[in-house]
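Hello,

Here is the structure for you to look at. Please open it first, then read my notes below.

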Amino acid sequence: MRPEDRTRAYDNHALPIAAGQTISQPYVVALMTELLELRGGERVLEVGTGSGYQAAVLASLVQDVYSIEIEPTLADSARQRLQRLGVGNVQVRTGDGFFGWPEAAPFDAIIITATAPRVPERLVEQLKPDGRLVMPLDEGYQQTLIRARKRPEGLAIERVAGVLFVPMVGAVRRPTP
């Protein structure tokens, strides 16, 4: 967080962080976390580490958090911040979250903290059966927070609320083959 924004840290608003990104408002972090339906003991993949705030919240609720950030400076600062705060059950990796973290899969839940034009298929493949994926989906004219459940017959998608997020960048923006 920028020093000039510290007085607004407890306001229910998104705030700017480095690299042109934002930290989500506390209500949205709480809502997305609730939608994951965590009970403790889970392994969660987070796409879009940002400042590490969402990862720290998740770390207090689950066994392991794997977090991917495409922007190296954000990944490095979040890793250092989490370490400084003594959050030991979060691993942060620099990379394109579209590809997930295959060697740590399968995950009980996946949270994507940037809007994407579609649910990344590779991430669905890394979900356990009945796993939950929560993300903002760019539906062209609006962004909608969704919860998807991995079922044998495919994804069951529930639309939850209108939201406004920064766009997910990287391979998700390329056309599907």
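In what order do the seven strands of the open sheet run? The order is β5-β4-β3-β6-β7-β8-β9, and the pairing is mixed. Keep in mind that this is a predicted model.

Start at the edges. These are β5 (90–94) and β9 (154–163), and each pairs on one side only. On average, neighbouring strands of the sheet are turned by 15° against each other, direction ignored.

Now look inside the sheet. β6 and β7 are parallel partners, joined over four bridges.

Next, the cores. In soluble globular proteins, nonpolar side chains tend to be buried together. The largest nonpolar core here has 25 residues. Leu45, Ile110, Ile112, Leu133, Met135 and Met168 have the most contacts inside it. Among the elements that give two or more residues to this core are β3 (43–47), β6 (107–112) and α4 (121–125). β7 gives the most, with four residues.

Zoom in on Ile110. Setting aside neighbours within four places in sequence, Ile110 is in contact with Leu36, Leu45, Leu123, Leu127, Arg132, Leu133 and Val134.

There is also a second, separate core, made of 21 residues. Met32, Val134, Val163 and Phe165 are included in this second core.

Best wishes

Note on methods: Residues are numbered from 1 along each chain as its sequence is written. This is a predicted model: local features need pLDDT of at least 70, side-chain atom pairs count only at pLDDT 80 or more; totals for chains, interfaces and linings use all residues. Side-chain values use heavy atoms; hydrogens and water are left out. A nonpolar core is a set of buried Ala, Val, Leu, Ile, Met, Phe, Trp, Tyr and Cys residues joined through side-chain atoms within 4.5 Å. Buried means under 20% relative accessible area, exposed over 50%, partly exposed in between (1.4 Å probe, protein chains only). Contact means heavy atoms within 4.5 Å. Two strands pair if DSSP finds at least two bridges between them. Axes are lines fitted to C-alpha atoms, for helices over the stretch in contact, and angles run from 0 to 180 degrees between N-to-C directions.
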